[in-house]
Amino acid sequence: MSFWPVPDVMKDNIYQIAPRMFKNRGINFILLDVDNTIAPYTVSEASPRLIAWVKTMKEAGLELFILSNNKGNRPAVFAEELGLEYVNKAWKPFTKIAKEVLSEKGINPANTAVIGDQIYTDTCCGKWIGAFTVLVHPIEFSNIWLKLRYWLEFPFRLTYKWRFEK
Ligand SMILES: [Mg+2]
């Protein structure tokens, strides 16, 4: 387990993520972020493209589970539309709730991936539970704070690029 939150894989968006990325690594359980990962904050309906992506992942034998820090009903709405289980108020990067989900389901962190758009919540949580971490680019910066947060993460994004994109 690495404490340092450099993601294992970085992609522009979830649609660049195919099941083989996980199947090759023995991963069959995916903790999926909502806000700015599968939909922008301003959208509360699953797009046809998102629905198709989830279907492809499920058909490949991957179980997706929504793990969101959102305190409202957005995680529930997307979970319903996509046919997934969910937890909101997950308090990422704290690992307590993520670990509870894994232990309730009897899943080993080594068979788990975390997909999200933020280093300091999603990637940290994933690293600290010992899961494989995939960082996607945030879908949109709807306010200045999101942009600022993105730049605070920049050293880790840059480290990834140095390490893997030579
Ligand atoms: Mg997010």
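User: Why is the pairing of E59 and K55 called a salt bridge?

Analyst: The term asks for a side-chain nitrogen of Lys or Arg within 4 Å of a carboxyl oxygen of Asp or Glu. For E59 and K55 the closest N and O atoms are 3.2 Å apart, so the pair meets the definition. This is a predicted model, where local features need pLDDT of at least 70 and side-chain atom pairs count only at pLDDT 80 or more, while totals for chains, interfaces and linings use all residues. Residues are numbered from 1 along each chain as its sequence is written, and side-chain values use heavy atoms, with hydrogens and water left out.

User: Where do E59 and K55 lie?

Analyst: Both sit in helix α2, 4 residues apart, which is about one turn of the helix. Helices (H or I, at least four residues) and strands (E, at least two) are DSSP runs, numbered from the N terminus.

User: What makes E59 buried or exposed, and how about K55?

Analyst: Buried is under 20% relative accessible area, exposed is over 50%, and partly exposed is in between (1.4 Å probe, protein chains only). E59 has 61%, so it's exposed. K55 has 49%, so it counts as partly exposed.

User: How do you know that D122 and K92 form a salt bridge?

Analyst: Their side chains come to 2.8 Å, N to O. D122 is in helix α5 and K92 in the loop between β4 (85-87) and α4 (96-105), so this bridge ties together parts 30 residues apart in sequence. Both ends are buried: D122 has a relative accessible area of 2%, and K92 has 5%. Shared partners also link D33, K92 and D122 into one salt-bridge network.

User: How many salt bridges are there altogether? And what does the one between D8 and K127 tie together?

Analyst: The structure has 9. In one of them, the side chains of D8 and K127 meet at 3.3 Å, N to O. D8 lies in the segment before β1 (9-11) and K127 in helix α5, so parts 119 residues apart in sequence get tied together. D8 is partly exposed at 26%, whereas K127 is buried at 8%.

User: What makes D33, D35 and D117 donors of the magnesium ion?

Analyst: A donor is an N, O or S atom within 2.8 Å of the metal (3.2 Å for Na, K and Ca); water isn't among the atoms, so a site may look incomplete. D33 (OD), D35 (O) and D117 (OD) coordinate the ion at 2.1 to 2.2 Å, so they qualify. Their spacing in sequence is D-x1-D-x81-D. D35 is in the loop between β2 (29-32) and α2 (48-59), and D117 in the loop between β5 (112-116) and α5 (119-129), so that pair ties together parts 82 residues apart in sequence. Both D35 and D117 are buried.

User: How do you know which side of α7 the buried residues are on?

Analyst: The buried ones in α7 (residues 154-164) are F156, R157, T159 and Y160. They cover an arc of only 155 degrees around the axis, so they're on the same side of α7. That arc is taken over the directions from the helix axis to the C-beta atoms.

User: What makes a set of residues a nonpolar core?

Analyst: It's a set of buried Ala, Val, Leu, Ile, Met, Phe, Trp, Tyr and Cys residues joined through side-chain atoms within 4.5 Å. The largest one here has 34 residues, and F22 and W53 are among those with the most contacts inside it. Apart from it lies another core of 14 residues, including L67 and I129.
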